[in-house]
Amino acid sequence: GSRAPFYGQHQSGIITPTQNFLYIASFDLTTRSLADVRKLFQAWTEAAAVMAEGVMIGDTNNHLNLPPSDTGEAAGLSPSRVTLTFGVGPSFFDSRFGLSGKRPASFGDLPAFHGDALLPEWCGGDISVQVCADDMQVAFHAIRNLVRIGRGTAVLRWMQEGFQRTGPADPAGGTPRNLLGFKDGTGNPDTTDTGDMNESVWVQPQDGADWMRGGSYQVVRRIRMRIEVWDRSSLADQEQTFGRHRDSGAPLGLKDEFAPLDLNAKDSSGQPTLPMNSHSRLAHMDGKVKILRRAYSYSAGMDTKTGQIDAGLIFICFNRNLQKQFIPMQRILAKSDKLNEYTVHIGSALFACFPGTTKGGYIGETLF
Ligand code: HEM
(Lines give C-alpha, C1' and ligand atoms only; values in the text may rest on other atoms or scores of the structure.)
Protein backbone atom coordinates (compact mmCIF):
# COMPACT_ATOMS: atom_id res chain seq x y z
CA GLY A 1 0.00 0.00 0.00
CA SER A 2 0.95 3.65 0.11
CA ARG A 3 1.35 3.76 3.89
CA ALA A 4 4.39 2.74 5.89
CA PRO A 5 3.26 2.17 9.50
CA PHE A 6 4.80 4.72 11.88
CA TYR A 7 4.35 2.95 15.23
CA GLY A 8 6.17 -0.24 16.14
CA GLN A 9 9.02 -1.86 18.01
CA HIS A 10 11.52 -0.22 15.63
CA GLN A 11 11.40 3.15 13.89
CA SER A 12 10.29 3.03 10.29
CA GLY A 13 12.76 4.02 7.57
CA ILE A 14 15.48 1.55 8.59
CA ILE A 15 14.40 -1.86 7.31
CA THR A 16 11.48 -0.37 5.36
CA PRO A 17 12.01 -1.20 1.67
CA THR A 18 13.81 1.82 0.23
CA GLN A 19 11.53 4.57 -1.06
CA ASN A 20 12.44 6.70 -4.08
CA PHE A 21 13.34 9.99 -2.41
CA LEU A 22 15.21 11.19 0.63
CA TYR A 23 15.57 14.29 2.75
CA ILE A 24 18.07 14.06 5.52
CA ALA A 25 18.48 16.94 7.92
CA SER A 26 20.68 17.59 10.90
CA PHE A 27 19.72 20.13 13.55
CA ASP A 28 21.47 21.93 16.36
CA LEU A 29 19.50 22.58 19.53
CA THR A 30 19.24 26.21 20.56
CA THR A 31 17.74 25.36 23.95
CA ARG A 32 19.54 24.11 27.06
CA SER A 33 16.36 22.73 28.59
CA LEU A 34 15.67 19.02 28.40
CA ALA A 35 11.96 19.75 28.88
CA ASP A 36 12.05 21.72 25.60
CA VAL A 37 13.74 18.80 23.84
CA ARG A 38 11.06 16.47 25.14
CA LYS A 39 8.32 18.81 23.92
CA LEU A 40 9.98 18.99 20.51
CA PHE A 41 10.09 15.20 20.14
CA GLN A 42 6.50 14.88 21.35
CA ALA A 43 5.37 17.38 18.73
CA TRP A 44 7.54 15.78 16.03
CA THR A 45 6.20 12.31 16.89
CA GLU A 46 2.61 13.52 16.66
CA ALA A 47 3.25 15.21 13.32
CA ALA A 48 5.16 12.20 11.94
CA ALA A 49 2.37 9.80 12.89
CA VAL A 50 -0.31 11.81 11.10
CA MET A 51 1.86 12.45 8.03
CA ALA A 52 2.45 8.68 7.75
CA GLU A 53 -1.34 8.39 7.42
CA GLY A 54 -1.54 11.21 4.88
CA VAL A 55 -3.49 13.40 7.30
CA MET A 56 -3.00 17.16 7.82
CA ILE A 57 -0.99 18.24 10.86
CA GLY A 58 -2.87 19.98 13.67
CA ASP A 59 -6.44 21.24 13.88
CA THR A 60 -6.18 24.84 12.81
CA ASN A 61 -6.24 24.35 9.06
CA ASN A 62 -9.61 26.01 8.58
CA HIS A 63 -9.36 29.16 10.70
CA LEU A 64 -9.26 32.27 8.53
CA ASN A 65 -7.61 34.32 11.26
CA LEU A 66 -4.80 31.86 12.11
CA PRO A 67 -1.76 30.57 10.21
CA PRO A 68 -2.67 27.01 9.17
CA SER A 69 -1.12 24.27 11.34
CA ASP A 70 -0.13 22.33 8.20
CA THR A 71 1.69 24.08 5.37
CA GLY A 72 -0.63 22.39 2.88
CA GLU A 73 1.52 21.27 -0.05
CA ALA A 74 0.76 17.60 0.60
CA ALA A 75 -3.00 18.11 0.88
CA GLY A 76 -4.83 15.41 -1.05
CA LEU A 77 -1.63 13.49 -1.83
CA SER A 78 -1.11 9.85 -0.95
CA PRO A 79 1.23 9.35 2.05
CA SER A 80 3.62 7.76 -0.49
CA ARG A 81 5.11 5.39 2.13
CA VAL A 82 6.64 8.35 3.94
CA THR A 83 8.85 7.38 6.89
CA LEU A 84 10.46 9.68 9.45
CA THR A 85 13.43 8.40 11.43
CA PHE A 86 14.86 10.35 14.37
CA GLY A 87 18.21 10.21 16.12
CA VAL A 88 20.70 12.10 18.29
CA GLY A 89 24.37 12.77 17.58
CA PRO A 90 27.34 12.38 19.95
CA SER A 91 27.20 16.15 20.72
CA PHE A 92 23.78 15.63 22.34
CA PHE A 93 25.62 13.95 25.22
CA ASP A 94 27.85 16.91 26.12
CA SER A 95 27.13 18.83 29.34
CA ARG A 96 24.03 20.74 28.15
CA PHE A 97 21.27 18.27 29.02
CA GLY A 98 22.80 16.31 31.88
CA LEU A 99 22.80 13.11 29.82
CA SER A 100 26.52 12.56 29.38
CA GLY A 101 26.30 9.41 31.50
CA LYS A 102 23.85 7.91 29.00
CA ARG A 103 26.15 8.04 25.98
CA PRO A 104 26.67 4.45 24.80
CA ALA A 105 30.30 3.38 25.05
CA SER A 106 30.42 2.49 21.34
CA PHE A 107 29.02 5.89 20.29
CA GLY A 108 31.66 8.63 20.11
CA ASP A 109 32.85 10.86 17.27
CA LEU A 110 34.18 8.95 14.28
CA PRO A 111 37.97 8.77 13.92
CA ALA A 112 39.53 10.63 10.99
CA PHE A 113 39.87 8.36 7.95
CA HIS A 114 42.59 8.45 5.32
CA GLY A 115 41.59 10.79 2.49
CA ASP A 116 38.75 12.52 4.37
CA ALA A 117 38.09 16.00 2.97
CA LEU A 118 35.31 16.90 5.35
CA LEU A 119 33.69 20.34 5.27
CA PRO A 120 32.40 21.43 8.68
CA GLU A 121 29.15 22.69 7.14
CA TRP A 122 28.33 19.11 6.07
CA CYS A 123 29.22 17.43 9.36
CA GLY A 124 27.69 16.56 12.72
CA GLY A 125 24.59 17.86 14.47
CA ASP A 126 22.73 17.33 17.76
CA ILE A 127 19.68 15.64 16.25
CA SER A 128 18.69 14.17 12.92
CA VAL A 129 15.63 13.46 10.86
CA GLN A 130 15.67 11.14 7.87
CA VAL A 131 12.58 11.44 5.67
CA CYS A 132 12.01 8.94 2.87
CA ALA A 133 8.99 8.83 0.55
CA ASP A 134 8.00 7.77 -2.93
CA ASP A 135 7.12 11.37 -3.77
CA MET A 136 9.48 14.33 -3.55
CA GLN A 137 6.79 16.83 -2.62
CA VAL A 138 5.53 14.60 0.19
CA ALA A 139 9.10 14.25 1.47
CA PHE A 140 9.70 17.99 1.30
CA HIS A 141 6.43 18.70 3.09
CA ALA A 142 7.46 16.40 5.93
CA ILE A 143 10.88 17.90 6.53
CA ARG A 144 9.61 21.43 6.10
CA ASN A 145 6.92 20.99 8.72
CA LEU A 146 9.37 19.49 11.20
CA VAL A 147 11.68 22.46 10.69
CA ARG A 148 8.73 24.75 11.28
CA ILE A 149 7.63 22.92 14.45
CA GLY A 150 11.24 23.06 15.69
CA ARG A 151 11.53 26.83 15.34
CA GLY A 152 12.78 28.32 18.63
CA THR A 153 14.20 24.96 19.80
CA ALA A 154 16.27 23.59 16.93
CA VAL A 155 17.89 25.11 13.84
CA LEU A 156 18.96 23.35 10.67
CA ARG A 157 22.66 22.61 10.47
CA TRP A 158 22.68 20.88 7.10
CA MET A 159 20.13 19.24 4.85
CA GLN A 160 20.47 17.12 1.73
CA GLU A 161 17.99 15.63 -0.68
CA GLY A 162 18.53 12.35 -2.45
CA PHE A 163 16.96 10.21 -5.14
CA GLN A 164 17.06 6.91 -6.93
CA ARG A 165 15.11 5.64 -9.91
CA THR A 166 11.37 5.64 -9.25
CA GLY A 167 9.12 2.59 -9.13
CA PRO A 168 7.32 3.40 -12.42
CA ALA A 169 10.69 3.75 -14.21
CA ASP A 170 11.62 0.22 -13.16
CA PRO A 171 8.47 -1.93 -12.97
CA ALA A 172 10.60 -5.06 -12.51
CA GLY A 173 11.94 -3.55 -9.27
CA GLY A 174 15.60 -4.43 -9.89
CA THR A 175 18.46 -3.21 -7.71
CA PRO A 176 18.78 0.56 -8.27
CA ARG A 177 21.94 1.91 -9.92
CA ASN A 178 24.09 4.66 -8.44
CA LEU A 179 25.47 7.56 -10.50
CA LEU A 180 28.54 5.54 -11.48
CA GLY A 181 26.11 3.25 -13.32
CA PHE A 182 26.45 0.18 -11.07
CA LYS A 183 23.75 -1.70 -9.20
CA ASP A 184 24.04 -0.66 -5.58
CA GLY A 185 22.62 -2.72 -2.72
CA THR A 186 23.12 -6.25 -4.06
CA GLY A 187 25.28 -7.41 -1.15
CA ASN A 188 22.99 -6.01 1.56
CA PRO A 189 21.74 -8.34 4.30
CA ASP A 190 18.13 -9.53 3.97
CA THR A 191 15.88 -7.07 5.84
CA THR A 192 13.12 -9.68 6.09
CA ASP A 193 15.40 -11.99 8.10
CA THR A 194 14.86 -11.05 11.76
CA GLY A 195 17.91 -13.04 12.87
CA ASP A 196 20.18 -11.14 10.46
CA MET A 197 18.68 -7.80 11.49
CA ASN A 198 19.19 -8.59 15.19
CA GLU A 199 22.77 -9.57 14.39
CA SER A 200 23.75 -6.46 12.37
CA VAL A 201 21.19 -3.68 12.77
CA TRP A 202 19.19 -3.62 16.01
CA VAL A 203 20.84 -2.90 19.36
CA GLN A 204 20.33 -5.92 21.63
CA PRO A 205 19.76 -6.12 25.43
CA GLN A 206 23.30 -7.36 26.02
CA ASP A 207 24.80 -4.33 24.21
CA GLY A 208 24.37 -1.93 27.17
CA ALA A 209 22.62 1.47 26.78
CA ASP A 210 19.11 0.18 27.57
CA TRP A 211 17.48 3.20 25.95
CA MET A 212 18.87 2.11 22.55
CA ARG A 213 17.42 -1.44 22.65
CA GLY A 214 15.69 -1.93 19.32
CA GLY A 215 17.34 1.20 17.91
CA SER A 216 20.24 1.43 15.46
CA TYR A 217 23.33 3.55 14.86
CA GLN A 218 23.24 5.51 11.61
CA VAL A 219 26.23 6.77 9.64
CA VAL A 220 25.76 9.46 7.00
CA ARG A 221 28.61 10.28 4.61
CA ARG A 222 28.24 12.82 1.83
CA ILE A 223 30.50 11.31 -0.83
CA ARG A 224 31.14 13.38 -3.90
CA MET A 225 31.87 11.47 -7.11
CA ARG A 226 34.56 12.64 -9.51
CA ILE A 227 32.15 12.01 -12.33
CA GLU A 228 34.31 13.53 -15.09
CA VAL A 229 37.25 11.27 -14.22
CA TRP A 230 35.03 8.20 -13.98
CA ASP A 231 33.43 8.94 -17.33
CA ARG A 232 36.87 8.75 -19.03
CA SER A 233 37.73 5.35 -17.48
CA SER A 234 37.36 2.20 -19.54
CA LEU A 235 34.58 -0.25 -18.74
CA ALA A 236 37.21 -2.80 -17.72
CA ASP A 237 38.70 -0.34 -15.25
CA GLN A 238 35.24 0.52 -13.87
CA GLU A 239 34.40 -3.15 -13.38
CA GLN A 240 37.76 -3.82 -11.70
CA THR A 241 36.97 -0.93 -9.33
CA PHE A 242 33.86 -2.59 -7.97
CA GLY A 243 34.76 -6.23 -8.66
CA ARG A 244 31.41 -6.57 -10.41
CA HIS A 245 30.06 -6.41 -13.94
CA ARG A 246 28.27 -3.19 -14.74
CA ASP A 247 25.47 -4.69 -16.79
CA SER A 248 24.38 -7.60 -14.60
CA GLY A 249 25.83 -6.55 -11.24
CA ALA A 250 27.29 -10.08 -10.94
CA PRO A 251 30.71 -10.62 -9.31
CA LEU A 252 33.46 -10.53 -11.97
CA GLY A 253 33.56 -13.74 -13.97
CA LEU A 254 30.00 -14.72 -13.04
CA LYS A 255 26.55 -14.09 -14.54
CA ASP A 256 24.15 -13.99 -11.58
CA GLU A 257 23.86 -10.69 -9.71
CA PHE A 258 23.27 -12.47 -6.42
CA ALA A 259 25.98 -15.11 -6.74
CA PRO A 260 28.10 -15.07 -3.56
CA LEU A 261 31.49 -13.35 -3.79
CA ASP A 262 34.23 -15.98 -4.09
CA LEU A 263 37.34 -14.34 -2.68
CA ASN A 264 39.50 -17.31 -3.71
CA ALA A 265 38.48 -17.40 -7.38
CA LYS A 266 41.42 -17.06 -9.82
CA ASP A 267 41.42 -16.29 -13.54
CA SER A 268 43.30 -18.35 -16.17
CA SER A 269 46.55 -16.51 -15.43
CA GLY A 270 46.26 -17.23 -11.71
CA GLN A 271 45.27 -13.67 -10.74
CA PRO A 272 42.40 -13.17 -8.25
CA THR A 273 39.16 -12.66 -10.23
CA LEU A 274 38.09 -10.05 -7.69
CA PRO A 275 41.01 -7.59 -7.59
CA MET A 276 42.52 -7.24 -4.12
CA ASN A 277 41.70 -3.50 -4.07
CA SER A 278 38.17 -3.80 -5.49
CA HIS A 279 35.36 -2.20 -3.52
CA SER A 280 33.12 -5.26 -3.15
CA ARG A 281 36.00 -7.48 -2.06
CA LEU A 282 37.24 -5.08 0.62
CA ALA A 283 33.78 -4.11 1.87
CA HIS A 284 32.85 -7.80 2.12
CA MET A 285 35.20 -8.05 5.16
CA ASP A 286 35.72 -11.78 4.59
CA GLY A 287 31.96 -12.20 5.00
CA LYS A 288 32.19 -11.62 8.76
CA VAL A 289 30.97 -8.02 9.12
CA LYS A 290 27.73 -6.70 7.66
CA ILE A 291 26.07 -3.29 7.66
CA LEU A 292 22.67 -2.31 6.27
CA ARG A 293 23.17 0.28 3.52
CA ARG A 294 20.34 2.64 2.56
CA ALA A 295 22.09 5.09 0.25
CA TYR A 296 20.67 7.62 -2.21
CA SER A 297 22.19 9.56 -5.07
CA TYR A 298 22.41 13.31 -4.80
CA SER A 299 22.89 16.11 -7.26
CA ALA A 300 23.57 19.62 -6.03
CA GLY A 301 23.60 21.15 -9.51
CA MET A 302 26.85 22.66 -10.71
CA ASP A 303 30.00 23.36 -8.76
CA THR A 304 30.29 27.05 -9.57
CA LYS A 305 34.04 27.04 -8.87
CA THR A 306 34.93 24.36 -11.41
CA GLY A 307 31.95 24.22 -13.74
CA GLN A 308 31.63 20.50 -13.03
CA ILE A 309 28.56 18.56 -11.95
CA ASP A 310 28.31 18.41 -8.15
CA ALA A 311 26.88 14.95 -7.52
CA GLY A 312 27.53 11.79 -5.57
CA LEU A 313 26.17 9.42 -3.00
CA ILE A 314 24.50 10.16 0.30
CA PHE A 315 25.84 7.04 1.92
CA ILE A 316 23.61 5.97 4.81
CA CYS A 317 24.06 2.79 6.77
CA PHE A 318 22.71 1.25 9.95
CA ASN A 319 24.78 -0.65 12.50
CA ARG A 320 24.30 -2.44 15.78
CA ASN A 321 27.80 -1.45 16.91
CA LEU A 322 29.89 1.16 15.07
CA GLN A 323 33.18 -0.02 16.57
CA LYS A 324 32.67 -3.50 15.15
CA GLN A 325 31.02 -2.61 11.85
CA PHE A 326 31.30 0.74 10.03
CA ILE A 327 34.55 1.95 11.62
CA PRO A 328 36.79 -1.05 10.80
CA MET A 329 35.17 -1.34 7.37
CA GLN A 330 35.72 2.32 6.48
CA ARG A 331 39.31 2.13 7.81
CA ILE A 332 40.07 -0.58 5.27
CA LEU A 333 38.19 1.10 2.43
CA ALA A 334 39.78 4.51 3.11
CA LYS A 335 43.24 2.98 2.89
CA SER A 336 42.98 0.55 -0.01
CA ASP A 337 39.76 0.89 -2.03
CA LYS A 338 40.31 1.51 -5.76
CA LEU A 339 37.04 3.48 -5.67
CA ASN A 340 38.88 6.27 -3.81
CA GLU A 341 40.31 7.42 -7.15
CA TYR A 342 36.78 8.49 -8.04
CA THR A 343 35.23 9.62 -4.76
CA VAL A 344 35.88 12.04 -1.92
CA HIS A 345 34.12 12.12 1.44
CA ILE A 346 33.04 15.69 2.16
CA GLY A 347 30.40 15.26 4.86
CA SER A 348 30.04 12.99 7.86
CA ALA A 349 27.59 12.52 10.70
CA LEU A 350 26.59 9.90 13.18
CA PHE A 351 23.28 9.40 14.93
CA ALA A 352 21.84 7.04 17.50
CA CYS A 353 18.39 6.30 16.07
CA PHE A 354 15.94 5.51 18.85
CA PRO A 355 13.75 2.43 19.11
CA GLY A 356 10.17 2.85 17.91
CA THR A 357 7.21 3.89 20.00
CA THR A 358 3.54 3.03 20.42
CA LYS A 359 0.48 5.24 20.20
CA GLY A 360 0.48 7.77 23.05
CA GLY A 361 4.28 7.55 23.41
CA TYR A 362 6.97 9.54 21.64
CA ILE A 363 10.24 8.86 19.89
CA GLY A 364 13.06 9.49 22.38
CA GLU A 365 10.97 8.52 25.44
CA THR A 366 13.50 5.85 26.43
CA LEU A 367 16.19 8.55 26.86
CA PHE A 368 14.42 11.73 28.02
C1 HEM B 1 29.06 -2.84 -2.18
C2 HEM B 1 29.03 1.42 -4.45
C3 HEM B 1 30.79 3.58 -0.47
C4 HEM B 1 30.13 -0.54 1.94
C5 HEM B 1 28.98 -1.87 -3.16
C6 HEM B 1 28.65 -2.13 -4.55
C7 HEM B 1 28.61 -0.94 -5.17
C8 HEM B 1 28.94 0.08 -4.20
C9 HEM B 1 28.28 -0.67 -6.63
C10 HEM B 1 28.40 -3.50 -5.19
C11 HEM B 1 26.98 -3.89 -5.18
C12 HEM B 1 26.43 -4.12 -3.80
O13 HEM B 1 26.77 -5.10 -3.13
O14 HEM B 1 25.67 -3.25 -3.35
C15 HEM B 1 29.52 2.37 -3.58
C16 HEM B 1 29.77 3.76 -3.92
C17 HEM B 1 30.26 4.36 -2.80
C18 HEM B 1 30.34 3.36 -1.76
C19 HEM B 1 29.50 4.38 -5.29
C20 HEM B 1 30.70 5.79 -2.60
C21 HEM B 1 30.39 6.78 -3.40
C22 HEM B 1 30.78 2.65 0.53
C23 HEM B 1 31.16 2.90 1.91
C24 HEM B 1 30.96 1.74 2.59
C25 HEM B 1 30.47 0.75 1.64
C26 HEM B 1 31.66 4.24 2.47
C27 HEM B 1 31.18 1.41 4.06
C28 HEM B 1 32.14 1.90 4.80
C29 HEM B 1 29.76 -1.51 1.04
C30 HEM B 1 29.43 -2.88 1.40
C31 HEM B 1 29.16 -3.56 0.21
C32 HEM B 1 29.29 -2.57 -0.85
C33 HEM B 1 29.39 -3.46 2.80
C34 HEM B 1 28.76 -5.03 0.06
C35 HEM B 1 29.95 -5.92 0.10
C36 HEM B 1 29.52 -7.38 0.07
O37 HEM B 1 29.12 -7.85 -1.00
O38 HEM B 1 29.60 -8.04 1.12
N39 HEM B 1 29.16 -0.54 -2.97
N40 HEM B 1 29.87 2.18 -2.26
N41 HEM B 1 30.36 1.35 0.40
N42 HEM B 1 29.65 -1.36 -0.32
FE43 HEM B 1 29.83 0.39 -1.30
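Which residues does Phe258 touch, not counting residues up to four places away in sequence? Phe258 touches Thr175 and Thr186, where contact means heavy atoms within 4.5 Å. The structure is a predicted model, in which local features need pLDDT of at least 70, side-chain atom pairs count only at pLDDT 80 or more, and totals for chains, interfaces and linings use all residues. Residues are numbered from 1 along each chain as its sequence is written, and side-chain values use heavy atoms, with hydrogens and water left out.

Phe258 is exposed, with a relative accessible area of 54%. On this scale, buried means under 20% relative accessible area, exposed over 50%, and partly exposed in between, with a 1.4 Å probe and protein chains only. Although Phe258 and Gly187 are 71 residues apart along the chain, their C-alpha atoms are separated by 7.6 Å.

Gly187 leads on to the ligand. Around the ligand there are 26 residues, of which Gly185, Gly187, His279, His284 and Arg293 come nearest; a residue counts as near if one of its heavy atoms lies within 4 Å of the molecule. The shell divides into twelve nonpolar, ten polar and four charged residues. In this grouping Ala, Val, Leu, Ile, Met, Phe, Trp, Tyr, Cys and Pro are nonpolar, Asp, Glu, Lys and Arg are charged, and the others, Gly among them, are polar.

The ligand sits in the largest pocket. Several elements give two or more residues to the shell around the ligand, namely strand 5 (216–225), helix 6 (279–284), strand 8 (308–319), helix 7 (326–336) and strand 9 (343–353). Pockets are found on a 1 Å grid over the protein atoms alone: a pocket is an open set of points with protein on both sides within 12 Å along at least five of seven lines, whereas a cavity is a set of points where a 1.4 Å probe fits but cannot get out, and lining residues have an atom within 4 Å of a point. A molecule sits in such a space if more than half of its atoms lie within 2 Å of its grid points.

A polar side-chain atom of His279 is 2.9 Å from a nitrogen atom of the ligand. For His284, an N or O atom in the side chain lies 2.6 Å from an oxygen atom of the ligand. Thr186 takes part through its backbone, with an N or O atom 3.0 Å from a ligand oxygen.

Helix 6 also holds Ser280, which is buried at a relative accessible area of 12%. Not counting residues up to four places away in sequence, Ser280 touches Phe242, Arg244 and Leu261. Met285 and Asp286 are both found in the loop between helix 6 and strand 6 (292–293). Phi of Met285 is near 50°, a positive value in a residue other than glycine, and phi of Asp286, also not a glycine, is positive too, near 55°. Met285 counts as buried at 13% relative accessibility, whereas Asp286 counts as exposed at 56%.

Elsewhere, Gln130 in strand 3 (residues 127–133) is buried, with a relative accessible area of 1%. A polar atom of its side chain lies 2.9 Å from the backbone oxygen of Gly13. Beyond residues up to four places away in sequence, the contacts of Gln130 include Gly13, Tyr23, Gln218, Arg294 and Phe318.

Two loop residues complete the tour. Pro120, in the loop between strand 2 (83–88) and strand 3, counts as exposed at 62% relative accessibility. Pro120 and Gly347 are 227 residues apart in sequence, and 7.5 Å apart in space from C-alpha to C-alpha. Gly54 is placed in the loop between helix 1 (34–52) and strand 2 and is partly exposed at 39%. The C-alpha atoms of Gly54 and Asp256, 202 residues apart along the chain, are separated by 40 Å.

Note on methods. A polar contact is a pair of N or O atoms within 3.5 Å; within protein, one must be able to donate a hydrogen and the other to accept it, and residues adjacent in sequence count only if both atoms are side-chain atoms. Helices (H or I, at least four residues) and strands (E, at least two) are DSSP runs, numbered from the N terminus.
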